[in-house]
Amino acid sequence: MRGLRGWLRILAVLVILVAIGTAVVFPEAAVRGLQLPLLAIFSTTRMVIAYLLSLVFAIAYGYTAATNKRASVIMLPVLDILQSVPILGFFPPALLFFVAAFQGHPLGIEFAVVFLIFTSMSWNMAFGVYESLSTIPVDLEAAAASFGLRGWLRFRLLAFPAAIPKLVYNSILSWSNGWFFLIASETFTAFGQTYTRPGLGSFIANAGLSNDTAGIALGIGVLAAVVLALDTVVWRPLSVWSERFRMETTTGREVSRPPGLYERFRWLPRFPRMRQTFLAAVRPIGEAYHRASVRLDRVYSSHRRVVREIRLLDLALFLVILFLVVSAGILGLVKLFFGPLPADAGTIPVAAVSSFLRLAAAYGIALAWTIPVAAWIGRNPRSSRFVTPILEVFASLPATALLPVIVGFALFLVSSAGAAGELAAILIVLFSMQWYLLFNLIAGVRGIPGDLDDVARSFGLRGATYWRRVLLPAMVPSLLTGSITAWGAGWNALIVSEYIPFLPGPPRLNGLGYLMDVATFVTHDNTMLLLTILAMIAVVLSLNKLVWRPLLKRASAKYRLEV
Amino acid sequence: MSPPLLEVKNVSKSYFENGKEFKVLDLVRFELSERDFVCVVGPSGCGKSTLLRIIVGLDEPTSGQVLFEGQPIRADNPQVAMVFQSFALFPWLTITQNVELGLEAQGKPPEERRKIAQKFIEAVGLTGFENAFPRELSGGMKQRVGIARALAIEPLLLCMDEPFSSLDPLTAQNLRDEILQLWANPDLPPKAVLMVTHAIEEAVYMADRIIVLSSRPGRMIAELQIDLPRPRNRKEPEFYGWVDEIYSLIV
């Protein structure tokens, strides 16, 4: 392992070489490249704001749902629906709302972008908080109660730490989700006008529109660098740190921890010295937090009644605002969508079927390559050491950023614009689906207990029999969890994939995503938009409830490997 | 005359499922005074742990009452501390922070907390592990932390819910002797101990008085005064006499 300086030196040399090379070959691109760091900062800032909002929301929502039985009766189903709704379904209405509210001011669009990223991040985080709070061991709760932990102290010492592992795990997931939607939402056309907010996403999209190969490559390169850098300095240390907050089993026996959804971070350098400097720099924040919380504890315990009154007042205020917002929203919706069914509403069922077939095709391709590759990587950790990082760099790139590359590739393969559009759509869906499958399956294969493998080997199970009796059954649970996430991501990718602005000729793909885009951006037909969103929600929810959940239930009963 | 430390008055507990009543405890009544070491024994599923949860105020009885120093019991009563079968240590807190838990809830200043915690960490023989995390300790050491945490709030009554049953036999026996040693020192808390167990031998080895519960619903079969001299010898016929008597009561 090299020290920090060694790594930095290599990195610096690489960056300088690439920069000089680019400047010589494409002088124009070099000039434009100078603005990229700034654009990266803009994009990242949007992500950070949306993430912080999601964090606050997730903790508040999850905590309330877990501690307030009466509220949870409503809160859980609502969260369940929100979680399965394709996030981009929120985008057109949100866009209309924010653009209208700010009368086209750029600030409104910034709000819309941040809101979209927020919706892509917060639901699973809230569920994570709820799940971890409702699975706190009974004895630990009893200990907290009998030693008198109450209010803020109980939250600080019991509830919040208990939620950390799942919160961090879901944050990593949410963060990569966020990139996908950030890139998709930085530039769009509505009301006959193109709105662009400066950022990496709009940079790549513009480069794609003007067939600027160097620009596309530069944009994607910078994006990859930003994503990987954040993984290295933020998510990896966080996920290592969160291990400390995992519950132990009562038996005291060492139980191997459940395999992560992502096999990520294994190969990233840890930069120990840099981390220490960073920790030293943020230590005052932690100390201030501790001092503040001690003071808060004291306030809580000495003014219990005042605190309760403040909370009641808070609640009343919240209810009033909620009532105002909801009634305004309902009024607006009634006004907007009051009218006869549009003539092309009949196309929705056909569109739903063709969207589904597109997803199924991409899913089939993804399964065909991920199962053997996952089996190989999972069983040969040594020889796959060099493959994993490459796969991860690809996986870290949001499919939306690869849009220009994928379209170019599709056009290169097929000459007719229609077929190329179809191929590009399937490829985009494939790129947003396959990584969930791959990394889940790898974790599944790695999770096979050594004993089981030894038994199989000692009885001479080999080849097809080994696959049928050991490998495939062991993969089933992780295949299903991966499939659920993959299909969710696939539905999200539909809106991007079925309406690609820089394909030659009018994009003509029949599908729900296409209908939604046309209704929002071309015909401004709000009734059609609402109907399409509802159709999509109905399809996704029924697939989840009728196919995935029952399968997962049966699989986890039959194939779960107990350690 | 002052009231006894703890009064359990005709406590019954039922669970209701689909309109059907499942009785877990039926009219349990006993008292605890200062310097009492009482064990509740019974077959598994007789509601021993439920009884203990009711006694410390974590559960409500369906009927009956639990009085502590003449007042109805409350879960956060700082005079009562609890030791758990599963240790129930907070995995994200160090040993010192775990031991300080109850003191922190009482709002004691940090320096005082640290001093008290240090004293009890020493008392259970864990000096040197102050900054370790629970997962780095063996089962026996974890339960020592649990005991130190309970003693640190200097309770009048110490309640233990099968404290030794997730430890290996050798560790469990060492820890039993250590607890009896701590108990023999009148300068250290608590003033009384109430322990729940399914191991009859363990109860005879440790308790002054044994309350025997029947299997579901838990009814009191007997209340026995164990007048064997301490330290007790498991090989003596009198010891075995007690064990056999309780055994025949339960079966």
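What share of the contacts in chain B with a separation of 6 or more is accounted for by residues 24 or more positions apart? Such residues account for 71% of those contacts, two residues being in contact if their C-beta atoms, placed from the backbone, lie within 7 Å.

This is a predicted model, in which local features need pLDDT of at least 70, side-chain atom pairs count only at pLDDT 80 or more, and totals for chains, interfaces and linings use all residues. Residues are numbered from 1 along each chain as its sequence is written, while chains are lettered from A and ligands numbered from 1 in the order in which they are written.

Chain B contains eight helices and 10 strands; helices (H or I, at least four residues) and strands (E, at least two) are DSSP runs, numbered from the N terminus. The overall values for chain B are tabulated below.

| Property of chain B | Value |
|---|---|
| Span of the C-alpha trace along its principal axes | about 50 × 45 × 45 Å |
| Buried residues | 42% of the 251 residues |

A residue is buried if 20 or more other C-beta atoms lie within 10 Å of its own, with C-beta atoms placed from the backbone. Helix H1 of chain B, residues 48–55, is mostly covered, with six of its eight residues buried. Among them are B:Leu51, B:Leu52 and B:Ile54, as well as the charged-named positions B:Lys48 and B:Arg53. Just after H1(B), B:Gly57 adopts a positive phi of about 90°.

Between the chains, 24 residues of chain A are in contact with 22 residues of chain B. On the side of chain A that touches chain B, H7(A) gives the most, with six residues.

Terms used:
Buried ≥ 20, exposed ≤ 12 C-beta atoms within 10 Å, placed from the backbone.
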